[in-house]
Amino acid sequence: MFKKPPVHSNLHASSAKTKALRLTNVILCGLLVISIFWPTRSTAQEKKEPNATASEPTNAGAIDESLRSIYPNLPPDQDPASVARGKDLYDANCAFCHGKEATGGNSGPDLLRSVLVNHDEKGELIGPVIHQGRTGKGMPGFNLPDNQISDLVAFLHQRNRDARLRFTYKVPSVAVGDSVAGKAYFDSHCAACHAGSPALAGIASKYQGDELQQRWLDPRRPADVTVSVSLSTGQKYSGKLKHLDEFNVSLYDSQGNYRSFPLNSETKVEIQDPLDGHRKLLEQLSDKDMHDVTTFLETLK
Ligand code: HEC
Ligand code: HEC
């Protein structure tokens, strides 16, 4: 089903290059990839959120749970008043560098894909960065009172949550888009990887309605995620990724041998996930594009 045209391998060549970095950098660049393998933390905060709003389908809780298998650190809903105050503070103090949507700007990194932000629960990691800044790296410290720090943290967690859920919570009215516009979008953004008609032909017979939309927004993890590990001794190993967390990486090499390595600052880990490009695209998708594409896919019976 999946064809691999040259465009696709280029995408991967460049993303592979950026990932051939030290572990910390690997984690920053490949958060989506890595979070899939991150062991699920179960903290009180991550328990199912009962307060689904009217616009969410009734199975929102279930979707929340299933999303946690992909995003173990999915933050819970934050207090709306705190989020609103945090947004004003963010716009005034942070947006200039980190971008209006917190997805990165002129000089500051994407805060939604930040491992630090994703591992923060109540400001214990974000707070010190705001207070002290990263002065050597271009971020000044902010002398803000604790309540304003909490508001900024609430804003970042809510943004983070919304960014992950927007693909899932808007499921109810699927095939309401414009299939002609959807096809145009598909041709320009998707066809490079899903070449022309045979690629996704029959997709609408395979999956219907909600499931179709769900499946293309969040495809199953393909089996061919590969990893290369370079140790400080210069030895290199590569193969099929078995597991990756903060402490270890393990793989099956081409002979089928299981190998596991502890991670330290000298270990370089490079991951190639064929779905990387697919996921990146989804981050830029507007709601209209999403409905249009689904409507188009509905025609591929
Ligand atoms: C002048 C530009 C600038 C401003 C203003 C700024 N930042 Fe930053 N911020 C940066 C840079 C650059 C980094 C990356 C530093 C590094 O590489 O470690 C950073 C890093 C961070 C990090 C750590 C991300 C990570 O993954 O390590 C957080 C959290 C953060 N900023 C939040 C904020 C918040 C909240 C504000 C507003 C109160 C803010 N920043 C204002 C430039 C800025
Ligand atoms: C950078 C390459 C790339 C781009 C761009 C891309 N995809 Fe994918 N997509 C993949 C890979 C890899 C898979 C997982 C392997 C597979 O199932 O074919 C996948 C899986 C899918 C699936 C699931 C297929 C199934 O049978 O479960 C659908 C549907 C899909 N993509 C639709 C799209 C649409 C629509 C777009 C454009 C909005 C798009 N893709 C853009 C690479 C890409």
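**View 1. Leu-244 and its bridge partner Val-249 in strand S3.** In this predicted model, Leu-244 has Val-249 in S3 as its bridge partner, and Leu-244 itself is placed in strand S2. Strands, like helices, are DSSP runs numbered from the N terminus, with at least two residues (E) for a strand and at least four (H or I) for a helix. Leu-244 counts as buried because it has 26 C-beta neighbours inside 10 Å; a residue is buried if 20 or more other C-beta atoms, placed from the backbone, lie within 10 Å of its own, exposed if 12 or fewer, and partly exposed in between. Val-227 is 17 residues away from Leu-244 in sequence, and their C-alpha atoms are 9.6 Å apart in space. Residues are numbered from 1 along each chain as its sequence is written, while chains are lettered from A and ligands numbered from 1 in the order in which they are written. Because the model is predicted, local features need pLDDT of at least 70 and side-chain atom pairs count only at pLDDT 80 or more, whereas totals for chains, interfaces and linings use all residues.

**View 2. The open sheet of five strands.** The strands follow the order S4-S3-S2-S1-S5 with antiparallel pairing, two strands being paired if DSSP finds at least two bridges between them. Strand S4 (258-262) and strand S5 (268-272) form the edges, each pairing on one side only, and the twist from one strand to the next averages 40 degrees. Strand S2 (residues 236-244) is joined by four bridges to strand S3 (residues 248-252), which runs antiparallel to it.

**View 3. The hairpin of S3 and S4.** Five bridges join these two antiparallel strands, and Asn-248 has Pro-262 in S4 as its bridge partner. Five residues lie between the strands of the hairpin, in which Gly-256 takes a positive phi near 85 degrees. S4 is hardly covered, since the count of buried residues among its five residues is zero.

**View 4. Ala-102 in the loop between H6 and H7.** Ala-102 is found in this loop, with a phi near 65 degrees, a positive value in a residue other than glycine. Most residues other than glycine have a negative phi. With 24 C-beta neighbours inside 10 Å, Ala-102 counts as buried.

**View 5. The shell around ligand 1.** Ligand 1 is surrounded by 23 residues, the closest being Cys-94, Cys-97, Gly-108, Ser-114 and Met-139; a residue is near a molecule if its C-beta atom, placed from the backbone, lies within 6 Å of it. Helix H6 (95-98), helix H7 (115-119) and helix H8 (126-132) each supply at least two residues of this shell. By class, the shell has 15 nonpolar, six polar and two charged residues, where Ala, Val, Leu, Ile, Met, Phe, Trp, Tyr, Cys and Pro count as nonpolar, Asp, Glu, Lys and Arg as charged, and the others, Gly among them, as polar.

**View 6. The packing of helices H10 and H15.** Helix H10 (residues 179-189) and helix H15 (residues 287-298) pack at an angle of about 95 degrees, with their axes 7 Å apart; axes are lines fitted to C-alpha atoms, for helices over the stretch in contact, and angles run from 0 to 180 degrees between N-to-C directions. The two helices are therefore roughly perpendicular to each other, a term that covers angles of 65 to 115 degrees. Residues of H10 including Lys-183, Tyr-185 and Phe-186 meet residues of H15 including Asp-292, Val-293 and Phe-296, contact being defined by C-beta atoms, placed from the backbone, within 7 Å.

Methods: Parallel < 35°, antiparallel > 145°, perpendicular 65-115°, else oblique. Contact = placed C-beta atoms within 7 Å.
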